[in-house]
Amino acid sequence: MGGLRTLPWYVAGSQVLGVACVVITGVWMGHYRGGYAWDGSAQEFNVHPLCMVLGLVFLYGDAVLVYRVFRNETKRSMKILHALLHMMALIISIVGLVAVFDFHSSAKISHMYSLHSWCGMLTFVLFFIQWLLGLGFFLFPWVSAQLRSWYLPLHVFFGLLLLTMSVGSCLLGITEKLLFSIMETYSRFTGEGVLANTLGLLLVCFGVMVGYVVTREDFRRPPNPEEAALSVHFKTLSEGEIPSSP
């Protein structure tokens with residue numbers, strides 16, 4: 001219980017870091033890069049980093065934290081909230097991808113040539129597959145309890161892996177954008193460069209904080225006797241097994 005008292009502080013710290021990442025990205029693209037538009041211009045490109053940081057980092061990280069934050073709510077409710085946050089992250093990231101592809105097409109720039117684009121697209125595709133598999137295995141009743149128990153460790157592992165990949169792709173994107181935009185002045189510690197570097201550090205801190213909260217054992221969701229009983233009955237109905245105890 002002593003360790004559990006620190007959970008709200010870690011969660012609050014993660015939210016401060018996540019909001020700071022989104023705000024700094026917005027300030028960077030809004031103040032230093034000319035704002036936002038949807039007309040094929042460089043301002044449309046600015047939608048891309050803001051959407052990816054908001055969707056695939058901040059909202060995705062919050063979706064991962066759901067089972068630690070709402071410890072006493074029903075698991076069914078947490079599954080729905082977990083899936084909805086992922087869906088919001090998916091929609092926002094799709095907007096970000098459309099923005100960058102539309103900008104590249106308008107500016108006659110080649111698509112998918114950089115390491116950042118390769119890592120980012122791989123992260124998005126795996127995230128989409130993970131979301132679909134999560135819906136199929138955990139939100140619908142036709143998957144057996146044995147199959148769910150087999151897939152759950154993979155779901156948890158890839159969840160943290162994808163958050164790491166999202167942060168890594170953002171770091172590659174930050175470096176690429178700085179080299180394209182302020183290559184000649186970057187080494188002089190200009191305001192834009194310092195702001196972008198700070199964003200990168202905050203993204204790393206956010207990922208580390210979320211990963212720590214999720215992997216710390218005494219922060220795990222406590223077992224619910226009613227949910228355990230329902231799980232036994234579901235297993236009995238789906239697999240024809242007889243519970244060993246009432």
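Mentor: Let us begin with contact, which means heavy atoms within 4.5 Å. By that criterion Ser 14 touches Leu 65, Phe 206, Met 209 and Val 210, not counting residues up to four places away in sequence. This is a predicted model, in which local features need pLDDT of at least 70 and side-chain atom pairs count only at pLDDT 80 or more, whereas totals for chains, interfaces and linings use all residues. Residues are numbered from 1 along each chain as its sequence is written, and side-chain values use heavy atoms, with hydrogens and water left out.

Trainee: What makes Ser 14 buried or exposed?

Mentor: Buried means under 20% relative accessible area, exposed over 50%, and partly exposed in between, with a 1.4 Å probe and protein chains only. Ser 14 has a relative accessible area of 1%, and is therefore buried. In the chain of 246 residues, 42% count as buried.

Trainee: In which helix does Ser 14 lie, and with which side chain does its own side chain make a polar contact?

Mentor: Ser 14 lies in helix 1, residues 7–32, where helices (H or I, at least four residues) and strands (E, at least two) are DSSP runs numbered from the N terminus. The chain has eight helices and zero strands. The side chain of Ser 14 makes its polar contact with the side chain of Gln 15, at 3.2 Å; the term requires a pair of N or O atoms within 3.5 Å, within protein one able to donate a hydrogen and the other to accept it, and residues adjacent in sequence count only if both atoms are side-chain atoms.

Trainee: Why are helix 3 and helix 7 called roughly parallel to each other?

Mentor: Angles under 35 degrees count as roughly parallel, over 145 as roughly antiparallel, 65 to 115 as roughly perpendicular and the rest as oblique. Axes are lines fitted to C-alpha atoms, for helices over the stretch in contact, and angles run from 0 to 180 degrees between N-to-C directions. The axes of helix 3 (residues 47–69) and helix 7 (residues 191–215) come within 9 Å and cross at roughly 20°, and the two helices are therefore roughly parallel.
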